[in-house]
Amino acid sequence: MTTVRSVGVLNKAEPILSLKGISKKFGAVSALNNIELEVHAGEVVALVGDNGAGKSTLIKILAGVHLPSSGKVLFEGKAVELSSPSASLEHGIATVFQDLALCENLDIVANIFLGQELSTLHLDEVSMEVKAWSLLNELAARIPNVRDVVASLSGGQRQTVAIARSLLLNPKVILLDEPTAALGVAQTAEVLNMVERVRDKGLGVIIISHNMEDVRAIADRIVVLRLGENNGVFTPKTSNEELIGAITGAKDNSVSRRAAEKNKVSHESENGEKYVQQ
Amino acid sequence: MSNSNHSESPAAYLDRSDTRVEHAVGLLGWFKEFIDRVRSGDVGSLPVVVGLIIIWTVFASLNPIFLSSNNIVNLLYDCSTIGVIALGIVCVLMLGEIDLSVGSMSGVGSAMLGVLWVNQELPLSIVIMCAIAAGGIVGFTYAFLRIRLGMPSFVSTLAGLLALLGFQLYILGTSGSINLPYGSALVNFGQLMIMPAWLAHSVLMLPGIALLGFGLRHQKRRKQANLSSGSVAGLLFRVAAMTVALQTVAVYLYLGRGLPWMFALFVCLVLAMDYALTRTKWGRSMRAVGGNAEAARRAGINVDQIYISAFVACSMFAALGGILSASRLASASTQAGTGDVNLNAIAAAVIGGTSLFGGRGSAYSALLGIIVIASIANGLTLLNMSSSLRYMITGAVLAIAVIADSLARRSRVTHGRA
């Protein structure tokens, strides 16, 4: 585990995926403006920002769903064109979408191999099942039976299957779009463990999350987007105020005002009691 | 960083390492698992088999002729024509779509047979290919309307029902009915041709042999891959049970006329379709699109192509069914494909256990469902009951089948089996 980590650190000089001046315009609206982003092997980069900051647009560009209006995507130092979802997959960029990613009526093996089945005219169920088990075991996933339909799985288990599926084609970078948004406490922890395991395998991970606690727990770097522009790169040690300031764009914002008000109520007892009495 | 999961019992099968799961052991365990599955709503073909037993018991007690060999042979003839159409319906239902025009399409198929083969005297094989190709074009049109213009298949095929009926009347012209020549191979195929007894007995040995051969090979491969494999005894039991059942059926049929070639053709199509739906990438994609089209698209499946293939297959099967029913009736008339043909084909697929909600179904549902419907029609005819009663009873059975489907679906949702 530690060896892979150190390799990742050694390679820090050369990022596995880097975006140079990526812009995206939808008509008159410029959703992304001159975005710079780098991911190294064995590194978790958290992408945070308010609604409309351009996180999803950026992920879609990397997943090959949208083409950038201008700018370059460098993969292992070479400029690549991600013109379709399959082009991204071929380059080794896998995406785990937040929803709509699994077919509930199919079993886990079928979902992991969906669209990538072995031997088209006579499905090789045995090899697919073995590969499915080895992928899930790599993630230390607790799946009772790969022949169960996905409908019978919990939210965390489904996310596991989705991540296992993204690992099928041996990607170099994996994009996770809010993987913990719909999950409970234990399941969130499970997914975060899994992200760490993926990182320890030497993959680059980009994770979108609104949950600052999760972001701090696993990210090596935190990239903040605001209104389609870079608004700073932080480390997990950065204070909450600073992060929220970067996300919302001001020290004086609705979040800090609420926090200040709370402080007022609890600390300044006289005023606080007055508020309570009223 | 010791991993406890890996260190404990390395000899355990790859798929049996989770100790929280109870695995069925032996015949008793298999039976228990089956009961659990049924109780959670994963009923499969069970309701239709139970329904069939009830229907056959009732009719046999009302009129013993119902179960006579020759009547069963007639029943098999009746099944084959609409059964082929129902096979196509399974394809579109699998995607959660519907084709209401299969009756009219089969009518067009039979009308083309009459006009091109009898009146224009073209070679039969070319005529059959033309009719099936026409079905393909119609199916492609529905798929095009669905995927490019977003037209619900319910509406496009309803329009197609009328348009195709009009086309059928147009090409048949004023005569309204064309008789197919008696004694021709096609009419013999639809009315007389019976498989020789020795051939039927040998052919019916094949499923058992195939099950044994493939089953043993599959078990060996699973064992090599360190996966659990079923018991050899269980496999032998299934092979024996299947062979005995099929041979009994054959012996009984040959007390009467015997196994019709037309029914054999139908069963071959069912087997081919079952293979395509369960063992190929195409079948896997069909299920995926029926279950969650957006997920299938993101997984790189060409969803449009799947829609096209399903609608084209459905209309082609309908045209073929029309040709078979023309050969059964020895005529191509304006009446062909009208009335209850449409709904019987759809009802057969649903009664057999293919879900109207998409994503679940099997080719065998066409076979089982059409036997139920043909049994009702046949039994009531033997009892001299009018078609009014037949329609009402078939309607009730269809309603029960759809209710069973909905209840099973609800139960699957609460038991987490989708």
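Student: What should I keep in mind about the numbering and the confidence limits?

Tutor: Residues are numbered from 1 along each chain as its sequence is written, while chains are lettered from A and ligands numbered from 1 in the order in which they are written. Because this is a predicted model, local features need pLDDT of at least 70 and side-chain atom pairs count only at pLDDT 80 or more, whereas totals for chains, interfaces and linings use all residues.

Student: Why is L106(A) called buried?

Tutor: A residue is buried if 20 or more other C-beta atoms, placed from the backbone, lie within 10 Å of its own, exposed if 12 or fewer, and partly exposed in between. L106(A) has 25 other C-beta atoms within 10 Å, and therefore counts as buried, although its place is in the loop between strand 6 (93–96) and helix 4 (108–112) of chain A. Helices here are DSSP runs of H or I with at least four residues, strands are runs of E with at least two, and both are numbered from the N terminus.

Student: What does L106(A) touch, leaving aside residues up to four places away in sequence?

Tutor: Contact requires that the C-beta atoms of two residues, placed from the backbone, lie within 7 Å. By that rule L106(A) touches N111(A), V149(A) and V150(A), and also R287(B), A288(B) and G291(B).

Student: What makes L153(A) buried?

Tutor: L153(A) has 21 C-beta neighbours inside 10 Å, and therefore it counts as buried. L153(A) lies in the loop between helix 5 (125–138) and helix 6 (155–167) of chain A, and it touches R158(A) and V161(A), not counting residues up to four places away in sequence.

Student: Why is A330(B) called partly exposed, and why does N384(B) count as exposed?

Tutor: A330(B) has 17 other C-beta atoms within 10 Å, so it is partly exposed. N384(B) has 7 C-beta neighbours inside 10 Å, so it counts as exposed. A330(B) lies in the loop between helix 15 and strand 2 (331–333) of chain B, and its phi is near 60°, a positive value in a residue other than glycine. N384(B), in the loop between helix 17 (364–382) and helix 18 of chain B, has a positive phi of about 60° although it is not a glycine.

Student: What makes helix 4 of chain B roughly antiparallel to helix 15 of chain B?

Tutor: Axes are lines fitted to C-alpha atoms, for helices over the stretch in contact, and angles run from 0 to 180 degrees between N-to-C directions. Angles under 35 degrees count as roughly parallel, over 145 as roughly antiparallel, 65 to 115 as roughly perpendicular and the rest as oblique. The axes of helix 4 (residues 69–94) and helix 15 (residues 303–329) of chain B come within 8 Å and cross at roughly 170°. That makes helix 4 of chain B roughly antiparallel to helix 15 of chain B. By class, this contact has 18 nonpolar, 6 polar and 1 charged residues, where Ala, Val, Leu, Ile, Met, Phe, Trp, Tyr, Cys and Pro count as nonpolar, Asp, Glu, Lys and Arg as charged, and the others, Gly among them, as polar.

Student: Why is helix 16 of chain B called oblique to helix 18 of chain B?

Tutor: Helix 16 (residues 341–351) and helix 18 (residues 387–414) of chain B pack at an angle of about 40°, with their axes 9 Å apart. That makes helix 16 of chain B oblique to helix 18 of chain B. In this contact, A347(B), V350(B) and I351(B) of helix 16 meet residues of helix 18 including T394(B), V397(B) and D405(B), and the residues of the contact divide into 7 nonpolar, 1 polar and 1 charged.

Student: Which residues touch the most other members of the largest nonpolar core?

Tutor: A nonpolar core is a set of buried Ala, Val, Leu, Ile, Met, Phe, Trp, Tyr and Cys residues joined through C-beta atoms within 7 Å. Of the 173 residues in the largest one, A86(B), I89(B) and A310(B) touch the most other members. The largest share of this core, 15 residues, comes from helix 15 of chain B.

Student: How many residues are in contact between chain B and chain A?

Tutor: The contact joins 31 residues of chain B to 30 residues of chain A. Helix 13 of chain B gives the most to the side of chain B that touches chain A, with 5 residues, and by class that side has 11 nonpolar, 7 polar and 13 charged residues.
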